[in-house]
Amino acid sequence: MPERQLHLGYMHWLNGTHWGGWRHPDAPTAHAFELEYATKALRLTEDAKFDFFFLGDTLPGDLAAEQWITTHNTGRLEPFTLASQLALQSSRIGLVVTAHPTFYEPYILARLTASLDHLSGGRLAWNVVLGASDLAARNFSLPDLGGTARYERADEFIHVVRRLWDSVENGAYLQDKRTGRYVDESRIHRLDWQGTHFQVAGTLPLERPPQGHVPLLYAGASEQSRELTAKWADINFTGPATPAESLAFNTDVRQRAERLRGRVDPIFFLPGITPLIGDTRAAAVELYEELNALLPYDDDIVEGDQDEAFWSGPEGARISASPFPLPKGFRSVRSLSERVGADLRPAGIDGAVKPDTAADLNAYGRRLLTLVAERTGRTVDNGGVRVRDVLAASIAGNFPLVIGTAGQVADTLIYWFDQGAAEGFNVSTPFLWEQLERFTGEVVPILQERGVYRTEYTSDTFRGHFGLDIPPNSFTTTDQEERPV
């Protein structure tokens, strides 16, 4: 086996990532609050020797609105609680929990993660998220902490958490019956931290986590996100669109990391990816279109549910300028036309996008045509792009889909890996269970046969899967990274 091996994580979405996927006839009615549902995915991925099982998390403030975006957000178990149960149902696969520094205190988060790292035998990792939602913030008696404030808070937060993990050294618990000394006081350290956002006096009431520092994951491509990844993260799962973009992003972050850490540390880049697998490429494309047909559209799919006056107002301008998928109530050819800069209504929903119309599209519209071509093989030049295709891409267009046979999906992953654009992938599926079973049962064996992916686990810990060393304790080293920020 070659020294460099591809890494795979599984992003557990309750209903998959395609917003119409849960409505597919083969998709289950998700039992969001039953352990067996998540455990089934856990078994499939651990049997396939995945590096980790990823529990994403958001804190939506409006469940009724979320049902039209991703139903996953309307039914989430608390990730630490679920991960503690999954640790009992597994033995080798890593477990990633998501926690937002804005909505925790460092002491609580440090204690939760350290405890679960002990109980899982060193298999825990922490996904740091910094999304800004005023509705979520209101559940915590907080204002919406957008802008730079959340990054500044997160930087100090992570630093304090790592110090807390170090606050009780290995071997501190003597439990010496002869002398009566239960702990070695010289191995216990108080923080006495007085920072901008936090004041933390003491120590954790347990030994340092088995991994020393629980590994950190992060996603984000903004300037501040690049800095945060470079300073703290072990794994980044941002998803650039092309291998060239990914290489440039990875190189930039690694250069920043050397500057911020004062040394060269390994950072693993695992872009998010959603494979959609069929027996043939045509069958996979057909399945993709079946899912698109299940997306919730406006009642009047051509003219839309908004009147003309709406589009001349501030809310219409906001929808038109937004780079995010078209939301419920704006999923029509009318809304799409505002977004792409050309009126597509004369062609109707099933009409073809003509070359002269395509020439008038703005950058966003041209990007949608590129997505349609990548996913279906249809282009404006060959007359195959329908207005319906472009509208679907504008709603379910944010996930990096790879559509094809198991062999074609494997070829794509290996190409990115061989180019150095990715060390692996954070895999999700458009819907459950068939697509997850096809990936683990068909794509993974091809990767193994090609010699780029393990056939057996060689480690029992999250750090071990990635070959990451246990970092030295910051209280017993002058490591620059651990000095006060």
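Asp 279 counts as exposed, at 63% relative accessibility (exposed means over 50% relative accessible area, buried under 20%, and partly exposed in between, with a 1.4 Å probe and protein chains only). This is a predicted model, in which local features need pLDDT of at least 70 and side-chain atom pairs count only at pLDDT 80 or more, while totals for chains, interfaces and linings use all residues. Residues are numbered from 1 along each chain as its sequence is written, and side-chain values use heavy atoms, with hydrogens and water left out.

**Salt bridges**

- The side chain of Asp 279 meets that of Arg 438 in a salt bridge, at 2.7 Å from N to O (a salt bridge is a side-chain nitrogen of Lys or Arg within 4 Å of a carboxyl oxygen of Asp or Glu).
- Arg 438 sits in helix H16 (residues 434–449) and Asp 279 in the loop between strand E10 (272–277) and helix H9 (281–293), so this pair ties together parts that are 159 residues apart in sequence. Helices (H or I, at least four residues) and strands (E, at least two) are DSSP runs, numbered from the N terminus.
- While Asp 279 is exposed, Arg 438 counts as buried at 13% relative accessibility.
- Arg 181 and Asp 184 also join their side chains in a salt bridge, at 3.6 Å from N to O. Here Arg 181 is partly exposed, with a relative accessible area of 36%, and Asp 184 is buried at 15%.
- Arg 190 and Asp 192 form a salt bridge whose closest N and O atoms are 3.9 Å apart, and both residues are exposed.
- A network of salt bridges links Glu 223, Arg 226, Glu 227, Asp 252, Arg 256 and Arg 259.
- The count of salt bridges comes to 33.

- His 7 lies in strand E1 (residues 7–11) and is buried, with a relative accessible area of 8%.
- Leaving aside neighbours within four places in sequence, the contacts of His 7 include Asp 51, Phe 268, Glu 423, Arg 454 and His 465 (contact means heavy atoms within 4.5 Å).
- In a regular strand, side chains alternate between the two faces of the sheet. Both faces of E1 are covered, with His 7, Gly 9 and Met 11 buried on one side and Leu 8 and Tyr 10 buried on the other.
- E1 runs parallel to strand E12 (residues 424–427), joined by four bridges, and Tyr 10 has Val 427 as its bridge partner there. Two strands pair if DSSP finds at least two bridges between them.
- E1 also runs parallel to strand E2 (residues 52–55), through three bridges, with Phe 54 as the bridge partner of Met 11.
- From E1 the chain crosses through helix H1 (residues 35–47) to E2 in a right-handed β-α-β crossover. Right-handed means that, with the strands pointing away from the viewer, the path from the first strand over the helix to the second runs clockwise.

**Nonpolar cores**

- The largest nonpolar core has 74 residues, of which Leu 8, Phe 50, Trp 126, Phe 439 and Leu 447 touch the most other members. A nonpolar core is a set of buried Ala, Val, Leu, Ile, Met, Phe, Trp, Tyr and Cys residues joined through side-chain atoms within 4.5 Å.
- Helix H6 (residues 148–166) gives the most to this core, with eight residues.
- Apart from this core lies another, of 31 residues, among them Val 302, Leu 371, Val 385 and Ala 393.
- Not counting residues up to four places away in sequence, Trp 126 touches residues including Val 97, Leu 109, Phe 157, Trp 165 and Leu 217.
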